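Reader: I'm new to this one and would like to learn how to read it. Could you take me through it feature by feature?

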Amino acid sequence: MKPKLKNSDIVTVTRQALNRFEAGIQELKAIQVPVGYYMDIKVLSCYSGISVRKLKELIRHPEYPLPAYKVDGCLRIKKAEFEVWMSK
């Protein structure tokens with residue numbers, strides 16, 4: 001038989017999960033990337049908060065694609081070029 005949870009138990013668990021999530025977001029915002037650094041798509045996703053899938057769509061955008069380079073079969077995006085692209 002499952003124990004019955006009180007509303008206060010559910011709220012406490014939810015608050016704890018939310019606090020862990022917010023702490024993770026703060027860590028991502030604190031990521032420091034050198035200006036001339038080439039980021040792979042996963043690092044750029046963490047840095048920018050944009051999903052990998054969306055970044056790949058932006059790289060293939062027909063009118064204004066995100067500048068990217070393929071190095072040894074991996075996509076690389078230069079931080080400075082990404083920031084210029086984002087500002088437009």
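Reader: Let's start with a single residue. Where is Asp72 found?

Author: Keep in mind that this is a predicted model. Asp72 sits in the loop between strand 2 and strand 3 (74-78).

Reader: What is the phi of Asp72, positive or negative?

Author: Here's the general idea: most residues other than glycine have a negative phi. Asp72 isn't a glycine, yet its phi is positive, at about 55 degrees.

Reader: And is Asp72 buried or exposed?

Author: Exposed counts as over 50% relative accessible area, and buried as under 20%. Asp72 has 77% relative accessibility, so it counts as exposed.

Reader: Okay, let's zoom out. How many helices and strands does the protein have?

Author: There are 4 helices and 3 strands. Going along the sequence, you'd read the pattern as α-β-α-α-β-β-α.

Reader: What share of the residues count as buried?

Author: The figure is 16% of the 88 residues. As for the surface, the protein exposes about 7200 Å², with 58% of that supplied by carbon and sulfur atoms.

Reader: How do helix 2 and helix 3 pack?

Author: For a pair of helices, look at the angle between the axes and how far apart they are. Helix 2 (residues 41-48) and helix 3 (residues 52-59) pack at about 110 degrees, and their axes are 9 Å apart. Angles of 65 to 115 degrees count as roughly perpendicular, so that is how helix 2 and helix 3 are described. On the helix 2 side, the contact is made by Ile41, Lys42, Leu44, Ser45 and Ser48, while helix 3 brings Val52, Leu55, Lys56 and Ile59.

Reader: Which residues does Pro65 touch, leaving out those up to four places away in sequence?

Author: Pro65 touches Leu58, Ile59 and Trp85. Pro65 itself is in the loop between helix 3 and strand 2 (69-71). Trp85 is 20 residues from Pro65 along the chain, and their C-alpha atoms are separated by 8.7 Å. With a relative accessibility of 38%, Pro65 counts as partly exposed.

Reader: How many salt bridges does a search of the whole structure find?

Author: It finds 2. To read one, check the gap between a side-chain nitrogen and a carboxyl oxygen, which has to be within 4 Å. Lys54 pairs with Glu57, with their closest N and O atoms 3.6 Å apart. Lys79 and Glu83 form a salt bridge too, at 3.8 Å from N to O.

Reader: Why are Lys54 and Glu57 separated by about one helical turn?

Author: Because they lie 3 residues apart in helix 3. Lys79 and Glu83 are also separated by about one helical turn, since they are 4 residues apart in helix 4 (residues 79-87).

Reader: One last feature. Which residues form a nonpolar patch on the surface?

Author: That would be Tyr38, Tyr69 and Val71, which together have about 260 Å² of accessible area. Tyr38 belongs to strand 1 (residues 38-40), and with a relative accessible area of 39% Tyr38 is partly exposed.

Notes: Residues numbered from 1 in each chain as written. Predicted model: local features only at pLDDT ≥ 70, side-chain atom pairs only at ≥ 80, totals over all residues. Heavy atoms only, no water. Patch = residues over 30% accessible without salt bridge, like charges linked within 9 Å, V, L, I, M, F, W, Y side chains within 5 Å. Areas by Shrake-Rupley, 256 points an atom, 1.4 Å probe, with all protein chains shown as cover. Helix = DSSP H or I, 4+ residues; strand = E, 2+ residues; numbered from the N terminus. Buried < 20%, exposed > 50% of the residue type's maximum accessible area, 1.4 Å probe, protein only. Axes fitted to C-alpha atoms, helices over the stretch in contact; angles between N-to-C directions. Parallel < 35°, antiparallel > 145°, perpendicular 65-115°, else oblique. Contact = heavy atoms within 4.5 Å.
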